[in-house]
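Hi everyone, thanks for making time. Have a look at the model on the screen, and then I'll talk you through it.

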Amino acid sequence: MKLQNRHLLGLDGMSKEDISAILDTAVLFKEVLERPIKKVPPLQGKTIVNLFFESSTRTRISFELAERRLSADVVTFSTAGSSVSKGETLKDTARNIEAMKIDMVVIRHPAPGASHFLSRVVDANVINAGDGGHEHPTQGLLDMFTLRDKYGRLENLKVCIVGDITHSRVARSNIYGLTTMGAEVSVCGPATLIPRDIEKLGVKVFHRLEDVVQDVDVINVLRIQLERQESGLFPSLREYHRYFGVTKEKVSKASKPITIMHPGPINRDVELSADLADSEHSVILQQVTNGVAVRMAVLYLLGTSN
Amino acid sequence: MMKKTKIIDATGFQRAINRLAHEIVEKEKGAENLAVVGIRTRGDFLARRIAAKIEEIERRPIPVGTLDITLYRDDLRGRLDQPQLQSTQILFDITGKTLVLIDDVLFTGRTIRAALNALMDMGRPAEIQLLVLIDRGHRELPIKADFVGKNVPTSMKQTINVLMKELDDEDAVFLSDSDEMELKR
């Protein structure tokens, strides 16, 4: 079992075999996380640096926990909203990484393609923890893991991603991964937030949530990035909530129970109603737990292949 | 030229398991507090058979666990092929138990070192005893077995192959002269 690529930059183009290998390995790490001592030694002596050029709480903590539980040495560096020219900062960062003999780099950056750039200039294994509106592969993997855990399969599972599809790296990674694994993926949101040629990725487009609930097994609710509210892509939060907010009432019209996912952090009662987020149909906290196991699997598979 | 000799046949295999089970019961004065843990892959099947035999002798259930030592290997880096990680399933609390750790072949002792570290991360057994079907010598670490099916003096160039019905066609142990040994390990 060895992944084709020595970096994890995105799920676009990743094979079904590689995705399955990561998900299967994550099952084994989930067992490790249930032991009294939740730490195993395979990355002993490896140094991992987490570069966060964009704010993040959950992803950063999840990666750090995963790294420490594999016994790696961990350094975390975060600058939220640095105004320095990104290209140059990254190039300098890369040189410093080389100089410090670091084995693996986890990078989050506001610029799409930042992790690709880094992977071309350093020897270390690079893991993309979110690059602008491009991809967030470990989120896509943990979403797939959570669904496979619940349904026992991904083939023919009907998953709708609801929200701001255009600006969402979570949506993109989910679409690439889920379609590769044979799920039926659809998206739903205001027309202004859905890319025009999204069907080319093999997804169906819904413009009404009422149609979605009749069709799908799973709704993956995206966070409405409140900072984008100024740009006029949708009139108001209240209107967004009325048409695209996922609520208990709308979901109750479905003929079968629908599983609710959200990558966090939730804007309660904007994109997702609080009662639904806390209901038994929500797997939001399982996603967080599984995130650590999935990241351990990725770090292990990349960090122990020579 | 490869020479292959069957050193244990199906009957011998069964007798070895029966004897080892009796030895454990005798040494531990019964099976109270006893549990067995097999190292994947063949140590696991061996553990199940020995536990079944002890249950037959003592008429009490023996907890059986399966241990995968991949995460604890000392050669994880430097190998060209990535070893397949498999599940560890020890569904009972090992703390306070008398554990019999079981593997098919004892060679350098490195697998057992890894297994001991893994077990220590899961609890604090009262004691750990080591059982192997074949002890072929060439230890690289200060480890010895408490229960041995058969001592087989070997040269470094030889290979021991344990076959078990659960995975192979038969229960048997083969000794062969092989130049491919380093590849197989």
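This is a predicted model: local features need pLDDT of at least 70, side-chain atom pairs count only at pLDDT 80 or more; totals for chains, interfaces and linings use all residues.

Residues are numbered from 1 along each chain as its sequence is written, while chains are lettered from A and ligands numbered from 1 in the order in which they are written.

Okay, chain A. Its secondary structure comes to 11 helices and nine strands; these are DSSP runs numbered from the N terminus, with at least four residues of H or I for a helix and at least two of E for a strand. The radius of gyration of chain A is 19 Å, close to the 19 Å that the globule rule gives for 306 residues, so chain A is as compact as a globular protein of that length. That radius is taken over C-alpha atoms, and the rule is 2.2 Å times the number of residues to the power 0.38. Along the principal axes, the C-alpha atoms of chain A fill a box of roughly 55 × 45 × 35 Å.

How much of chain A is buried? It's 48% of the 306 residues. Buried here is 20 or more other C-beta atoms within 10 Å of a residue's own, exposed is 12 or fewer, and partly exposed is in between, with C-beta atoms placed from the backbone.

Where they meet, 19 residues come from domain 1 of chain A and 18 residues from domain 2 of chain A, a contact being two C-beta atoms, placed from the backbone, within 7 Å. On the domain 1 side, helix 1 (16–32), strand 4 (125–131) and helix 11 (284–303) of chain A each supply at least two residues.

Let's stay with strand 4 of chain A, where seven of its seven residues are buried. Which strand pairs with strand 4 of chain A? Strand 3 (residues 104–109) of chain A does, in the parallel sense over five bridges; DSSP has to find at least two bridges for a pair. In that pairing, A:H109 stands opposite A:D131.

In helix 4 (residues 114–121) of chain A, find A:L118. Is A:L118 buried or exposed? A:L118 counts as buried because it has 24 C-beta neighbours inside 10 Å. Leaving out residues up to four places away in sequence, A:L118 touches A:L90, A:A94, A:V105, A:I107 and A:V126.

Now chain B, with four helices and eight strands. From the N terminus, the order is β-α-β-α-β-β-α-β-β-β-β-α. Of its 185 residues, 38% count as buried.

Last stop: where the chains touch, 14 residues come from chain A and 15 residues from chain B.
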